[in-house]
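Hello,

Here is the structure for you to look through. My notes follow it.

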Amino acid sequence: MRSRRAAATLLCALACVGCGHSARGPASAVAQADATHEYPSAPPPPQTAAHAAPTATQAIRSFVTAYINWDAQTVSDDMLALAARSIGQARAAMTLAAAETAGDYELRRGGIANSGAVEAVAPLSGSDDRYVVVTRESTSASNTTAYQGLRPAWHVALATVHQLPGGRWALSGWQPES
Amino acid sequence: MVAGVVRRRAGGGVVVLGAIVAVLAAGFGAGVLALLTSVFGEGDECGSPAGSATGIVLAGPGPGPGQLVGATEYGGPGDPSSGVVGSSGANLLEQPDSYAELGGDTFETATAMGGLPYLTPLRITWGIRSAIAYKRDIGLGGGPIDGLPRVLDLWWELAGRLGIPYEDGLWAGPVRIERPPATGAGNLLEQTAQTAPALVAPSTADQDPAACAPAALEGVPVASGDRAQLLRNGLAAAPADAPLAVREIIAAGNQIVGKPYVYGGGHGLPLSDIAPAYDCSSSVEHLLYGAGLVPVSYDAPSGTLESFGQAGPGRWVTLYASADHVFMYVAGLRWDTHNAAGPGDGSTGIGWHPLIRSDAGFVARHPVGL
């Protein structure tokens with residue numbers, strides 16, 4: 001009888017140790033999510049970009065030239081192509097622009113087109129990866145007089161670049177300011 | 001016509017016509033201007049004057065439907081004292097598409113349109129002509145013109161381009177101004193901070209240009225299929241299968257069916273108004289505006305519509321224009337101002353006509369996508 005009682009006590013002690021060990025050890029994914037509000041997962045693979053450029057400024061000039069030269073029929077495809085050749089926020093912005101312009105009846109109905117040239121690309125003071133981009137653009141429309149007579153105008157945007165594995169460059173951020 | 005026009009500008013040196021009278025007039029004018037602008041405000045989204053008391057005529061960075069304001073002209077051989085250099089530093093002879101924003105009795109109060117930045121474009125319309133002009137100057141205010149607040153001075157060459165007669169820099173009269181839409185890829189794609197979609201739902205008028213149009217789709221009869229049908233009461237039933245723009249055009253047409261035909265009728269008014277009478281071009285433009293296909297200030301003779309949209313017949317809408325007349329087909333139904341197809345063509349007035357007429361001598365055009 002004493003030996004049975006001793007065995008039960010030992011089992012109970014082991015069980016308690018087990019419980020205690022479990023509580024103090026590495027948390028489960030669910031427990032970690034409860035604690036941090038983030039479900040742990042493997043890090044995403046690095047993004048790749050099509051047609052990455054050998055230099056940062058070349059990447060910017062190429063991207064921006066395509067961004068400002070389109071017409072209502074091509075703009076959605078053009079933005080999709082830009083999404084493929086950029087990463088991060090820039091890719092998200094281009095993907096969104098592609099989706100929105102694909103269903104933009106007003107753009108097509110107005111026959112709206114945009115054209116222009118990159119006038120300057122300069123590194124932003126105090127930043128290694130951000131550049132100020134100046135463009136001069138014209139907007140026209142074949143089926144509305146709204147843009148008739150407007151002169152080409154200057155526009156400013158901020159571009160962020162990222163050096164990809166292999167050393168080539170792609171845009172990771174794009175923010176038109178005007 | 002306003003005598004004793006205040007003509008003092010910065011940059012180009014100080015220029016005063018009738019200095020003492022002008023200063024007194026400016027002070028008086030500023031008071032009148034403040035009173036007027038408090039009455040007129042910005043106008044509503046559709047361009048009609050409203051009672052909002054904003055204190056300025058044209059506010060906000062975006063395009064607006066435009067409104068009538070008082071304007072004067074300056075410069076030229078009859079007004080040498082105005083000089084040729086604007087307060088922005090621009091040589092106005094080299095940049096003739098220029099205007100000056102006026103207001104108050106000091107240069108600091110030359111903000112009758114909200115203190116627009118230099119080079120802000122405005123579309124300025126006088127009669128049937130319009131032009132884009134850029135702010136390159138400022139000036140003092142003055143009394144109202146034809147009951148309208150005096151807010152801008154037109155460089156004389158710009159005024160000439162609009163067909164305004166040169167009166168030695170002393171012309172004054174009403175013009176319509178509107179902000180053109182923002183240009184550039186970032187703005188068109190709504191990726192700049194100014195154009196990014198708001199998190200709070202904007203007003204209906206902001207969402208859809210056609211929402212400003214007079215044609216309310218509610219109550220427009222609908223017919224099955226893809227062809228409009230003429231109803232006994234002279235209205236048209238819009239085809240259920242047609243795009244929204246086609247139904248909006250039909251709704252706008254139904255608004256003015258039976259209006260009397262008057263040559264020149266309907267012109268000179270915002271297309272958002274229902275005019276007491278129309279002619280061929282103004283009635284067609286009313287329908288196009290109903291679908292947001294032309295701006296509210298669009299006002300063109302029939303010949304101008306020979307270059308509207310794209311060449312050839314459209315899938316849903318076709319305009320037939322010449323220098324003398326314009327009519328259109330909308331989903332198979334003819335919109336015309338007179339009985340042109342003989343007996344059975346319907347009424348002789350403005351409205352929908354069931355029969356096809358000859359299009360000899362007309363140029364066929366259609367809105368893009370329609």
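**What turned up**

B:D146 counts as exposed, because it has 12 C-beta neighbours inside 10 Å, and 12 or fewer is the cut-off for exposed. Keep in mind that this is a predicted model. B:D146 sits in the loop between strand 4 (129–138) and strand 5 (150–155) of chain B. Its phi is near 50 degrees, a positive value in a residue other than glycine. Most residues other than glycine have a negative phi.

Now look at B:A331. It has a positive phi of about 50 degrees, and it is not a glycine. B:A331 lies in a loop of chain B, between strand 12 (326–330) and strand 13 (333–336). Is B:A331 buried or exposed? B:A331 is buried, because 25 other C-beta atoms lie within 10 Å.

Next, B:S98. This residue lies in strand 2 (residues 98–101) of chain B. With 26 other C-beta atoms within 10 Å, B:S98 is buried. Set aside its neighbours within four places in sequence, and B:S98 still has contacts, including B:G86, B:L92, B:Y134 and B:W155. B:T120 is 22 residues from B:S98 along the chain, and their C-alpha atoms are separated by 9.9 Å.

Two helices of chain B are worth a look. Helix 5 (residues 244–256) and helix 6 (residues 280–290) of chain B pack at an angle of about 135 degrees. Their axes are 7 Å apart. That angle makes helix 5 of chain B oblique to helix 6 of chain B. The crossing of the two is right-handed. Helix 5 of chain B makes the contact through residues including B:E248, B:A252 and B:I256. On helix 6 of chain B, the residues in contact include B:S283, B:L287 and B:G290.

Last, chain A. Helix 3 (residues 56–68) of chain A has 13 residues. From first C-alpha to last it reaches 18 Å, close to the 18 Å expected at 1.5 Å a residue. Which residues of helix 3 of chain A are buried? They are A:A56, A:A59, A:I60, A:F63, A:V64, A:Y67 and A:I68. Seen down the axis of helix 3 of chain A, these buried residues fall within an arc of 135 degrees, so they line one face of the helix. An α-helix has 3.6 residues a turn, so residues three or four places apart point the same way. The buried residues of helix 3 of chain A pack against several elements, among them helix 4 (75–84) and strand 2 (112–123) of chain A. Another of their partners is helix 3 (185–188) of chain B.

Best wishes

Key
Residues numbered from 1 in each chain as written. Chains lettered and ligands numbered in written order. Predicted model: local features only at pLDDT ≥ 70, side-chain atom pairs only at ≥ 80, totals over all residues. Helix = DSSP H or I, 4+ residues; strand = E, 2+ residues; numbered from the N terminus. Expected span 1.5 Å × (residues − 1). Buried ≥ 20, exposed ≤ 12 C-beta atoms within 10 Å, placed from the backbone. Arc of directions from axis to C-beta. Contact = placed C-beta atoms within 7 Å. Axes fitted to C-alpha atoms, helices over the stretch in contact; angles between N-to-C directions. Parallel < 35°, antiparallel > 145°, perpendicular 65-115°, else oblique. Left-handed = near helix turned anticlockwise from the far one by under 90°.
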